[in-house]
Amino acid sequence: MDIINILPDSVANQIAAGEVVDRPAGAVKELLENAMDAGATQIDLIVKDAGRTLIQVIDNGSGMSDSDARLCFERHATSKIHRADDLFAIHTMGFRGEALASIAAIAQVEVRTRLHDNDLGTVVTIEGSHIVDQHPESCPCGTSLAVKNLFFNVPARRNFLKNDKVEMSHIEEVFRRITLIHYDLGFSLQHNGKVLYDLKAGSMLQRIAGLFGNPYKERMYNVEEETDLVKIKGFVSRPEFSRKTRGEQYLFVNGRFIKHPALSAAVEKAYADLLPDHSYPSYFIGLTVDPSRIDVNIHPTKTEVKFVDDHALFAILRSAVKRALGQFSLATELSFDTPPEFNIGPAPKDFVPQQPQVRYHEGYNPFRATPSQTKIKLTMPDRAEKPDAPEELTIDNIVPPTTTNSSLLTPNSQSCLQIQGRYIVTTLNSGMAIIDQQRAHERIIYDRLTQSSNQAIKQSQTLLFPVSCQFSAADAELLGELLPDLKEYGFEIAAAGQCTFVVTATPADLSDSELQPMLDQMLSEYKGAAMQKFSNRTAALCASMARQMAIRKGQQLTQEEMQQLVADLFACPMAELSPSGKRIITIVKPEELLK
Ligand code: ADP
Ligand code: MG
């Protein structure tokens, strides 16, 4: 008995659809790419309910003839390649002729299209691979393709979709990956009637700013390089604007977003030690290479690519980024972590050098206890033996702060010492404590912010001149959500337009830092914090605010300030760890000192 059937096209297409379109964002990608392949210069994306009910792409490209408007939904129907040889010189985004057939198998699709030379266009309606209607109609040149009720006949897929927020974030990511590199085309994105992006054709930097916010214009260095093998053009973030998460890292090859760990590593290597620990640069880099030097047989949904010359590419990319970083930044800007230089000029002619004198304080003994003033319990993880088991130490006293202006040359058991502008060294009964000033201050501020009873810190200071700040659409939405919480902490911020906010007051103890970068950084911290350790949003917000308000490394502190900081720190119940869980204090025990 024969048991083999040939599957009907509609079933085969539905199976294939699972590969190409696994979620609304997959359909968005295919439709946007088709519009670009059709030579459009303006492409508008309209989405409803995160793509569940509607994904529509309107372009002003070539349009299709009456019969092409039907044929395009057939499997392996493509106008982009004709012969096998064409596969080795692909210049279009699509070429497999599968996308529309797949989409039409799992949705209700309506295409309206008109060729530029025709007076009338055509409308085709297709549902689950079956054409239900075609009629002529007057419509604009180009194509409008509307995908309605995606997965209407595949309940399993439909049920697997995540909530709208998640699906929409996938769609926005697809939108960014396409629009970032096609900055010479105009794009817009509308969701549920709200315009999220309206991007005009322009330069790459304008596009980056359009997607991520205007401040990005000042945060980037230009990377440009042209060799026989590759043309590189893009932007990399200045080291001081690095991020705690690998967020905005975009690599493109021949107009297509790719993931390529080795090339990403090349970019990060170029920064070498310009970045603080655990921070990552943002970059937007487009490579143009001969299409025959990359593997064309890329899966439509995969972003991995193989290069024939990947070692050479790696070296060229790294040196291009390195050059960009070196060329635009002054040495002083880069060496923010190095200790101050001893730049001593030549001695005057009749200068007689003097024998250096050693001065010391005879009564100094770092381990002698001074009478206790405060008694504080501190839990310190015992580093050497049991890294995970915290051991209870009791610090009988803290060296009492004094206000004497003691010279650093005569160390005095009652003073603190600042090293490298980032650590405070002080003595405890149990040894010598090295305190990270920034983390310590973060802890102090965080504790003050989270103690809701403390009204003092919530006082705000009204700004002399209101400051207007601009954000990317995503950040603007987040900031909008956080406004009531921020008001609690002393910020007065009001929306003034879609992505613009006006700040009229800030918390009283916010130092006079620039508001725009501070808020940008705070939102970015908040996103990171909210995702990681913090269970509730107030804690995440306080942690990100504390990071912004804390003193930085490199900030010189007076004796009084250091002593205040140390005293405040030890008054915190969790003095040993920063809000994000980083170690604040290292204690060097007397035995270790002796060694
Ligand atoms: P591919 O893009 O791989 O060729 P698709 O299924 O995505 O396959 O599209 C099939 C064909 O339909 C394309 O080759 C193109 O000729 C036509 N087409 C699709 N979208 C458009 C559009 N927006 N404008 C003009 N033609 C289009
Ligand atoms: Mg296509």
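Helix α11 crosses α15 in a left-handed sense (left-handed if the near helix is turned anticlockwise from the far one by less than a right angle, right-handed if clockwise). The model is predicted, with local features needing pLDDT of at least 70 and side-chain atom pairs pLDDT 80 or more, while totals for chains, interfaces and linings use all residues. Residues are numbered from 1 along each chain, chains are lettered from A and ligands numbered from 1 in written order, and side-chain values use heavy atoms, without hydrogens and water.

The contact (heavy atoms within 4.5 Å) is made by Q437, A440, H441, R443 and I444 of α11 and L565, D568 and L569 of α15. By class, these residues are four nonpolar, two polar and two charged (Ala, Val, Leu, Ile, Met, Phe, Trp, Tyr, Cys and Pro are nonpolar, Asp, Glu, Lys and Arg charged, the others, Gly among them, polar).

Helix α11 also crosses α14, in a right-handed sense. On the α11 side this contact involves Q438, H441, E442, I445, Y446, L449 and T450, and on the α14 side A539, C542, A543, M545, A546, R547 and M549. It has nine nonpolar, three polar and two charged residues.

Elsewhere, ligand 1 has 20 residues around it, of which N34, T78, S79, K80 and G97 come nearest (a residue counts if one of its heavy atoms lies within 4 Å). An oxygen atom of ligand 1 is 2.5 Å from an N or O atom in the side chain of S79. A nitrogen atom of the ligand lies 2.9 Å from a side-chain N or O atom of D59. At L100, a polar backbone atom is 2.9 Å from an oxygen atom of ligand 1.

Terms used. Helices (H or I, at least four residues) and strands (E, at least two) are DSSP runs, numbered from the N terminus. A polar contact is a pair of N or O atoms within 3.5 Å; within protein, one must be able to donate a hydrogen and the other to accept it, and residues adjacent in sequence count only if both atoms are side-chain atoms.
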